[in-house]
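The sequence and structure are shown first.

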Amino acid sequence: MAEAVAQLMFAAMHYRPFLAGQFLLAMPGMRDPSFDHAVIAMCAHDADGAIGIGVGATIEGLSLHDLLDQFEIPHGVAPDAPVHFGGPVDPRRGFVVHSSDWSGQDTIDVAGRWSLSSTVDVLRAIAEGSGPTRYLVALGYAGWGDGQLEGELTRPGWFHVAGDEDLLFDTPAGRRWTAAFGKAGIDARLLVPDAGTA
């Protein structure tokens with residue numbers, strides 16, 4: 001009995017809540033300007049680290065049609081759409097966060113909530129009308145090494161909420177931060193930049 005209790009206590013002390021399929025929200029006062037009002041769709045998180053795609057801001061002057069032109073892909077049936085600032089890591093690398101009704105050679109399922117693809121075949125499929133029904137395109141990503149995100153979560157700066165497809169695909173980028181806090185029952189207007197001390 002004592003051994004079982006000790007094992008449970010050890011497991012509880014070393015439990016790491018993995019956040020794939022959730023949104024990571026930057027709290028007001030985030031010191032890194034790259035993450036000011038950030039909404040990050042967490043796409044992978046395990047003992048080795050984490051990767052998320054920023055979905056709370058778009059890149060001025062860059063659209064989906066511009067990206068298709070760069071790859072010499074005819075626009076086809078793809079409506080023009082903004083390109084999101086996915087994060088400060090590898091900002092020239094493209095990602096598509098999309099509904100799970102399409103899968104390509106590198107597509108990963110994200111906790112059964114959405115999918116992530118990063119090769120040009122998803123752009124071709126979108127242009128041809130055979131791709132996912134819901135999607136957003138981003139350049140760059142946010143990444144954390146082993147234990148780095150868990151360490152950041154012990155300090156003020158980040159808040160996480162359950163992933164929501166409607167918020168991801170149907171809410172304009174500029175409203176996702178406020179809307180995500182709202183889904184958690186928090187009025188973002190009442191958040192203050194710095195936590196006080198007692």
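This is a predicted model: local features need pLDDT of at least 70, side-chain atom pairs count only at pLDDT 80 or more; totals for chains, interfaces and linings use all residues.

A polar contact of 2.7 Å joins the side chain of His-98 to the side chain of Ser-117.

## Strand E3 and its partners

Strand E3, formed by residues 49-54, is mostly covered, with 5 of its 6 residues buried. Strand E2 (residues 39-46) runs antiparallel to E3, and 6 bridges join the two. Within this pairing, Ala-44 stands opposite Ile-51 of E3. The two strands E2 and E3 make up a hairpin, with 2 residues between them.

E3 also pairs with strand E9 (residues 135-144), again in the antiparallel sense, over 3 bridges. Here Ala-50 has Trp-144 of E9 as its bridge partner. Trp-144 takes part in an aromatic cluster as well, along with Phe-35 and Trp-158.

## Aromatic pairs

The description of an aromatic pair rests on the distance of the ring centres and the angle of the planes. The model holds 6 aromatic pairs. In one of them, the ring centres of Phe-35 and Trp-158 lie 5.4 Å apart and their planes stand at 70°, so this pair is edge-to-face; the angle required for that class is over 60 degrees. The pair links distant parts of the chain, 123 residues apart: Phe-35 is in the loop between strand E1 (22-26) and E2, while Trp-158 is in strand E10 (residues 158-162).

Phe-35 counts as buried because its relative accessibility is 12%. Trp-158 likewise counts as buried, at 9% relative accessibility. Another edge-to-face pair is formed by Trp-177 and Phe-181, with 5.1 Å from centre to centre and 80° between the planes. Both of these residues lie in helix H6 (residues 173-183), where 4 residues, about one turn of the helix, separate Trp-177 from Phe-181. Trp-177 and Phe-181 are both buried.

Conventions. Residues are numbered from 1 along each chain as its sequence is written. Side-chain values use heavy atoms; hydrogens and water are left out. Buried means under 20% relative accessible area, exposed over 50%, partly exposed in between (1.4 Å probe, protein chains only). Two strands pair if DSSP finds at least two bridges between them. A polar contact is a pair of N or O atoms within 3.5 Å; within protein, one must be able to donate a hydrogen and the other to accept it, and residues adjacent in sequence count only if both atoms are side-chain atoms. Rings of Phe, Tyr and Trp (its six-membered ring) pair if their centres lie within 6.5 Å; planes under 30 degrees apart count as stacked, over 60 as edge-to-face and the rest as tilted.
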